[in-house]
Amino acid sequence: MTQPRTRIAIVGGGVAGLVTATLLRRMGIEARVFEQTPEFGAVGAGIQLSPNGVRVLLRLGLQEALARTGVQAQAIETRRWADGAPIARVRHGAGCTELFGAPYYLIHRADLQRCLLSVVPEDTVELGKSCARVVERPGEVELHFADGTTTTADLVIGADGVHSAVRAAVVQDEPRFSGYAVHRGLVPADVVPSFAADPRVMFWLGPRRHVTYYPVVGGDIVHFSAVGATDDARSGSFSSPGEVRELEAGFADWHEEVRRVVTAAESVTRWGLFDRDMTDRYVTDRTALLGDAAHPTLPYLSQGANQALEDAVVLARCLRDADPADPAPALRRYQALRRPRTAEVHRRARALARTFHLPDGTRQAERDHEMRAQQDLKHLDWLYGYDPEAVTARTADPAPATPAAVPAARPTHRF
Ligand SMILES: Cc1cc2nc3c(=O)[nH]c(=O)nc-3n(C[C@H](O)[C@H](O)[C@H](O)COP(=O)(O)OP(=O)(O)OC[C@H]3O[C@@H](n4cnc5c(N)ncnc54)[C@H](O)[C@@H]3O)c2cc1C
């Protein structure tokens, strides 16, 4: 069965797909999202939204919705794994809004999804449509779905995550297992009483492991993720079950607070951590990748969704000015604008994969020293200060020869 042709087909209804569709529809551009899941459900984990991403959501009109369910982080605090000795505390709070025009939000993914769905125009998303492949022809793209149906579009946007099916139309490669897996869980707020007065991101570094936890759902719940080295390269998903037992064993000699948090959940999920090598190509003449489909990045900078939000703004702005008959120049412009920025985030996240999990010793002491030297929020200007609207508006040239500059890279141990 062939469905009617659409102007822009977006594969994947995650952060990248939903926001891109909303922005395009607000510009009067017809866009439809094809999402594989039969229904949007609760996704049980937290997510950190930094000002560069939050500004995009605020411009979508989500101020009140975010303030209702999100928790504004007062700080990001890093500690040593065994004795809890402080390494660094980067104050966020009101200073973050003052400097970067938006707070740093800690939010449950289900709440974020609800926020996004509240602004997506009706009839934009088709559920239960798993895209198997796309075929690009002169003048159109054909999408083939797992249920045997097909549709055609002027343009397809692959927003289908790290294991993207659309990506094969742009670049031939495979996800790369990082050697680490993450267990995630939700625990009651009273497991970390200090969050009541000081809601923040707690971050513990140790040999071959690290743990992050922070309050979500208005402070009623604490989300944790515990990352550890492993040979088990199973991929997993947000709902793949893990074993609390593994956490008890893995963190047996860690600080009491960490053990308390990671063993307090009734159930946990397990997710193998994958990225891909950076590609030079995010686009062809009629296909564009964005979010994790374009630049899957290890989660150590907490930037995957934030980068997806930036991508969405730049791609939508580029498409607004595009010739519908020939979107290729607009797509190349998007690629030129976004590749340097996302490559830098990807590079830094991989670097953190090495430094986060150092054994105790000289290199770990150097790392801690460097983190202590960068406790001022201004060190995060390169990350939080990026404004995708301004970047796109600045470069009127449809395919700039010199892509938007990324500020000189100082190593930063921000996660
Ligand atoms: C442990 C961990 C912690 C993280 N923490 C943070 C954080 O704090 N902050 C942050 O910014 N980022 C974080 N990230 C990264 C973030 O989750 C991702 O970068 C972000 O979800 C990417 O959004 P996306 O829309 O590109 O892809 P996804 O969220 O993966 O969405 C892709 C969508 O496409 C659908 N789909 C997939 N294949 C198909 C297909 N063939 N056909 C149709 N639909 C399809 C999927 O069902 C899904 O809905 C973290 C990641 C991990 C693993």
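Predicted model: local features only at pLDDT ≥ 70, side-chain atom pairs only at ≥ 80, totals over all residues.

Look at the hairpin of strand 14 and strand 15: four residues sit between the two strands, and V217 takes a positive phi near 50° there. The two strands pair in the antiparallel sense, over eight bridges, and strand 15 covers residues 221–229.

The hairpin of strand 13 and strand 14 has two residues between the strands, and R208 takes a positive phi near 65°.

Is strand 14 enclosed or open? Seven of its eight residues, in the stretch 209–216, are buried, so the strand is largely enclosed by the rest of the structure.

Next, the core. The largest nonpolar core has 119 residues, and V156, L290 and A312 have the most contacts inside it. Helix 8 gives the most to this core, with 10 residues. Take V156: beyond its neighbours within four places in sequence, its contacts include A9, V11, V134 and R286.

Last, the ligand. It is surrounded by 32 residues, with G12, G14, G161, G291 and G304 the closest. Which element supplies the largest share of that shell? Helix 8 does, with four residues. Helix 1, strand 2 and strand 3 are among the elements that each supply at least two. By class, the shell has 14 nonpolar, 15 polar and three charged residues.

Conventions: Residues numbered from 1 in each chain as written. Near = placed C-beta within 6 Å. Nonpolar A, V, L, I, M, F, W, Y, C, P; charged D, E, K, R; others polar. Core = buried A, V, L, I, M, F, W, Y, C linked by C-beta atoms within 7 Å. Buried ≥ 20, exposed ≤ 12 C-beta atoms within 10 Å, placed from the backbone. Contact = placed C-beta atoms within 7 Å. Pairing = 2+ DSSP bridges.
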